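I opened my notebook for a look through this model. Here is what I looked up, entry by entry.

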Amino acid sequence: MINVVIAGVGGQGTVLASKLIAYAAMERGDFVRTAETIGMAQRGGSVLGHVRFLTTSELGQGKELLSPLVPKAQADLLIGFEPGEAVRALDFLRPGGVVVVATGAVAPVTATLAKKSYDGQAELAYLQSQATSKRIGELVMVDGQNICETCGSPRVLNVALLGAAASSGALGFSADQFDKAIEAQIKERFIALNKQALRLGAAAFTLKI
Amino acid sequence: MAKELLMGNQAIALGALKAGVNVVCGYPGTPSTEVLEALAARNPGGIHVEWSTNEKVALEVGAGAAFSGARALVTMKQVGLNVAADPLMSLPYVGVSGGLVLLVADDPAPMSSQTEQDTRQFAQFAKIPVLDPATPEEACAMISEAFELSERYRTPVIVRPSTRICHGSAVFETDIPYQPHQVGGFERSPHWIVLPRRAFEGHKEIIERLPIIEQEFCDHPLNAIEYVDLPGLAKASKITSKQPLASASSGQPIPRRLGIVASGISYAYLKDALSMLIDETKSGGKHGIGTFAAIEELRILRIATPFPFPDQRATEFMADLDEILVFEELEPVVERELLRVCGRNHLSAAIKGKLTKDTTVAGENTVNSLLQQLSVFLGMEDSAQKLPATISPESTAPELPTRPPMFCAGCPHRGSFSATKRALKGRPAVFSGDIGCYTLANAQPLDMIDTCICMGGGFTVPQGMAWAQPDVLHLGFVGDSTFFASGLTGVVNAVYNRANLVLVVLDNSTTAMTGAQPHAGTGERMSGTDGYSATAKADMERDAQNALRIPDVLHALGIEHVDIVDPLDFDASVEAIKKAVAVVDAGNGVSAVIFRSPCIAVCPPKPIPWVDPEACTLCRVCVNTLGCPAISIAPQAKTIQIDAGLCYGCDLCVQICPFNAIHKAGDSK
């Protein structure tokens with residue numbers, strides 16, 4: 001079973017990201033469950049997405065998957081759409097799991113109002129310390145802003161992070177597996193853009209360190 | 001077969017298609033909304049799908065269809081059932097002809113609701129059978145079952161999924177041929193008229209049929225008893241007679257016979273948590289929580305039909321048990337029923353759950369909460385600090401900023417509230433709010449909504465406040481969908497009783513909080529009169545012409561001063577509020593302002609403004625007035641910055657910057 005937790009801010013495209021992972025796994029014949037944050041909490045608040053899937057061989061062994069929520073310390077992969085939210089959700093990660101995180105911070109209005117500058121640097125440093133101590137098995141930091149600028153759209157961060165996540169091997173399939181999911185789930189005029197972001201995200205993993 | 005990844009709510013829609021549903025009505029409400037939307041999207045033609053004005057209207061429309069022999073599905077969230085309570089209570093008395101199924105979604109640890117009420121209790125109160133799914137697959141299958149039950153016993157039936165089922169996705173076969181249920185037609189009969197004499201007869205009929213339904217539920221395959229094969233214990237088998245207990249004199253604890261009962265999604269969590277604990281025991285207790293102790297037997301009862309409660313099945317389950325732990329969310333409905341069954345049958349099992357504080361009393365259950373509570377129940381060490389699943393975050397982690405929900409960047413409500421605040425600067429005023437995105441005006445820095453209790457309360461609560469405290473200015477805020485759902489009677493009351501207050505309608509041309517549904521004020525429908533999927537251009541144009549106009553409605557209800565203003569025009573909005581307040585100050589009764597600008601979910605973004613770093617003094621007026629998530633302080637800079645990914649181009653910051661440092665896209669300094 002593969003457990004994925006997606007942590008971000010409402011409006012960042014986390015719901016679509018978990019849908020794409022689920023769709024890609026389903027295309028492969030896996031049994032999938034997801035859970036999303038939808039409704040009031042979605043409006044600029046912290047949001048969590050859960051994706052769990054059983055491979056065909058696990059299904060063959062009669063394994064069951066009923067609960068859509070990933071228990072704490074059971075996630076193989078945590079995708080953080082911004083540094084603070086990645087840290088907030090870190091207790092979902094199993095010891096030695098993979099973290100893919102966008103380096104760009106989303107400053108909450110509460111911080112701006114409190115005259116606190118929040119740039120995510122302390123949170124990224126903390127994640128790095130956790131990678132050093134092997135609490136995090138593999139830490140992939142993605143410069144999402146750069147990819148968005150290259151693609152000419154601020155709204156492809158989610159797919160870029162999926163590209164990096166797939167390249168890390170934590171999903172058990174490659175970035176190419178997302179192509180069909182993108183074609184099925186995204187409006188036609190944005191497909192090429194998202195495929196470009198997917199490839200750039202996948203390359204970001206390869207280029208890491 | 002085509003396979004699709006479907007959200008629980010879409011799967012429920014699939015279940016309704018399978019059941020040949022004829023009429024579908026509801027009112028949007030998280031987490032129920034997508035059921036009706038999915039039915040509209042998959043309408044093969046011939047199904048009437050409508051967003052009704054509110055839940056009471058929806059249930060009455062659905063009841064009418066069922067009186068005429070159609071299969072009707074009525075969808076709403078749990079608090080919507082409060083609105084529909086009037087017809088709900090009478091319906092079991094008059095009964096139905098075609099099946100009438102209510103899909104009522106509960107919201108534990110409210111993600112989008114004002115209460116943690118439990119629909120299973122409402123079902124008990126109204127004496128209506130209720131089905132409680134544990135997965136989206138079950139929720140889908142239960143729709144057909146509910147229709148059959150409804151027709152077999154002439155009663156409405158409730159299906160109650162919770163948020164994690166509604167918004168959880170799974171894979172479904174979607175090649176479902178739609179065979180419409182044959183509508184029998186309305187047949188006149190005295191039982192359709194709920195006169196007092198008939199109510200007495202109806203009550204007797206309900207009391208007679210419930211035990212028959214209960215019998216049926218006792219054999220329900222989902223109300224199953226499972227015997228758990230625990231490692232280290234003798235092979236589990238069904239024990240028919242109570243074995244003599246081991247002696248306590250050896251110093252060993254007496255082995256107990258244990259039972260676990262679960263309802264709804266807690267059953268899914270139970271299966272997960274139990275298998276994790278069994279793995280832990282098989283690994284020799286590598287996390288140091290020990291192994292199962294002093295257990296002779298463990299069995300599980302799933303309750304999928306909380307009302308009428310399957311007494312006989314529960315009696316059989318509990319007969320020789322020593323202790324029982326109950327997992328359910330919201331109210332201790334099953335727990336109380338088990339206590340009742342124990343009392344009735346003189347059973348000695350100790351029932352543990354919410355009432356004894358052995359399980360989570362409020363909010364959502366999780367696999368982690370079950371792990372902790374189960375490990376204690378099963379005689380293991382308290383897993384709270386031992387299992388990796390429950391390790392708390394390390395103390396070295398940086399302190400994270402809180403991130404409460406707030407208005408989206410570009411939301412027109414930000415303009416409505418900041419302009420109102422500016423217009424009333426320094427004047428004592430109370431802002432009564434309502435249910436919708438605009439409740440979020442309560443957040444800093446707007447800090448403006450002072451009361452919020454229910455749909456429509458935004459127009460009525462301030463009337464009472466104004467009678468109690470006439471020297472303070474009172475304003476009531478209601479959104480456009482809420483205006484039609486529950487606001488109209490409040491307007492009538494204000495005009496009739498000559499209340500002194502300003503009514504503000506926040507018209508963003510959609511039902512925004514639930515994800516942009518149309519309503520009477522937009523005119524767009526979910527299916528046309530001839531059962532088409534409402535996309536034909538001619539029909540959409542006709543729908544737009546039929547849209548009810550809020551200013552006309554307010555005038556017709558007797559309000560003379562009705563101002564319409566664009567909340568993204570800050571100065572005009574300030575003026576509109578000042579004028580409306582002047583009417584109230586002059587003692588001329590109710591005045592109204594309609595802030596009209598579409599929700600960002602239903603209009604395209606506009607070009608985003610730019611910041612002149614030389615002119616920006618970091619005075620923070622934009623930050624402190626608007627609290628826009630797209631505006632933040634640039635790191636290592638002495639200016640604000642605008643996030644291109646979030647900004648929607650509302651230009652409110654351009655208008656309020658006192659140093660002319662923020663400019664419209666394309667404008668030069």
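Predicted model: local features only at pLDDT ≥ 70, side-chain atom pairs only at ≥ 80, totals over all residues.

I then picked out Ala160(A) and skipped its neighbours within four places in sequence. That left contacts with Val142(A), Gly144(A), Ile147(A), Ala197(A), Leu198(A), Leu200(A) and Gly201(A).

**Domains of chain B.** I noted the assignment: domain 1 covers 3–218, domain 2 covers 225–238 + 255–388, domain 3 covers 412–602 and domain 4 covers 610–663. The C-alpha centres of domain 1 and domain 2 of chain B are 30 Å apart.

How many residues of domain 1 of chain B are in contact with domain 2 of chain B? I found 23, and they meet 22 residues of domain 2 of chain B. On the domain 1 side, helix H6 (119–126), strand E6 (130–131), helix H8 (163–166) and helix H9 (196–218) of chain B each supply at least two residues. H9(B) gives the largest share, five residues. By type, I have this side of domain 1 of chain B down as 12 nonpolar, four polar and seven charged residues.

**A bent helix.** Next I turned to helix H16 (residues 480–496) of chain B, which bends by about 70° at Gly487(B). Gly487(B) is itself among the buried residues of H16(B), a list that also includes Phe483(B), Phe484(B), Val491(B) and Ala494(B). Their cover includes helix H15 (457–468), strand E15 (473–479), strand E16 (502–507) and helix H18 (550–556) of chain B. Just after H16(B), I jotted down a positive phi of about 55° at Arg498(B).

Key. Residues numbered from 1 in each chain as written. Chains lettered and ligands numbered in written order. Contact = placed C-beta atoms within 7 Å. Domains from an automatic or database assignment. Helix = DSSP H or I, 4+ residues; strand = E, 2+ residues; numbered from the N terminus. Nonpolar A, V, L, I, M, F, W, Y, C, P; charged D, E, K, R; others polar. Bend = angle between axes of the 7 residues up to and from the residue. Buried ≥ 20, exposed ≤ 12 C-beta atoms within 10 Å, placed from the backbone.
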